[in-house]
Amino acid sequence: MAGKSRLFAVWPGEWSSHLFVIDDLDEYAKAHGIKHDEERTGLKEHVHDVRWEPNPYASDSPRSPYISVSVTLDCGCEIHDLRAFADQMKEQRGWNVATSGGWGSSGRPGESRTYSLRVRRKSLTQ
């Protein structure tokens, strides 16, 4: 941030390696979640107004550690980056949102979207 450090990346090859200078540290920080980027994630940095319920269309095993849930953000945010949302929900509500599986959304333009996510069952609270 003070301009006293430089960041390099090495792309190793079979016979030689290439050295790159990361010249846009701001973009690098955003891309790696070091600095929050509201435009990229769709999420403001605030406590989200979240409604959730078990997904009525899911056929979750009662023995599975994860449950499918329908989540609506009444605060006007949208989820564009699941990992950023998972980090915020871990911090705000203690949820363990699965980031390795599929997820989706539904809703009409201009209305709050409903997201289908998987969350660790024991981490869910009202």
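## Cysteines

A search of the whole structure, which is a predicted model, finds 0 disulfides. The sulfur of cysteine 75 has that of cysteine 77 as its closest cysteine sulfur, and at 3.8 Å the two are too far apart for a bond, because a disulfide requires the pair of sulfur atoms to lie within 2.5 Å. Cysteine 77, for its part, is in no disulfide, the nearest cysteine sulfur being that of cysteine 75, 3.8 Å away.

The two residues can also be described by their accessibility: cysteine 75 has a relative accessibility of 23% and counts as partly exposed, whereas cysteine 77, with a relative accessible area of 6%, is buried.

## Aromatic pairs

The count of aromatic pairs comes to 2. One of them is formed by tryptophan 52 and tryptophan 95, whose arrangement is edge-to-face, with 6.1 Å from centre to centre and 85 degrees between the planes. Tryptophan 52 counts as buried at 19% relative accessibility, and tryptophan 95 counts as buried at 0%.

Tryptophan 103 and tyrosine 115 also pair, with ring centres 6.3 Å apart and planes at 35 degrees, so the pair is tilted; planes under 30 degrees apart would count as stacked and those over 60 as edge-to-face. Because tryptophan 103 lies in the loop between H3 and S5 while tyrosine 115 lies in strand S6 (residues 114-120), the pair ties together parts that are 12 residues apart in sequence. With regard to accessibility, tryptophan 103 counts as partly exposed at 34%, whereas tyrosine 115 is buried, its relative accessible area being 2%.

## Alanine 84 in helix H3

Alanine 84 is found in helix H3, and at a relative accessibility of 17% this residue counts as buried. When the neighbours within four places in sequence are left aside, alanine 84 is in contact with Thr41 and Leu43. The C-alpha atom of alanine 84 is separated by 9.7 Å from that of arginine 40, a residue 44 positions apart from alanine 84 along the chain.

Notes: Residues are numbered from 1 along each chain as its sequence is written. This is a predicted model: local features need pLDDT of at least 70, side-chain atom pairs count only at pLDDT 80 or more; totals for chains, interfaces and linings use all residues. Side-chain values use heavy atoms; hydrogens and water are left out. Buried means under 20% relative accessible area, exposed over 50%, partly exposed in between (1.4 Å probe, protein chains only). Rings of Phe, Tyr and Trp (its six-membered ring) pair if their centres lie within 6.5 Å; planes under 30 degrees apart count as stacked, over 60 as edge-to-face and the rest as tilted. Helices (H or I, at least four residues) and strands (E, at least two) are DSSP runs, numbered from the N terminus. Contact means heavy atoms within 4.5 Å.
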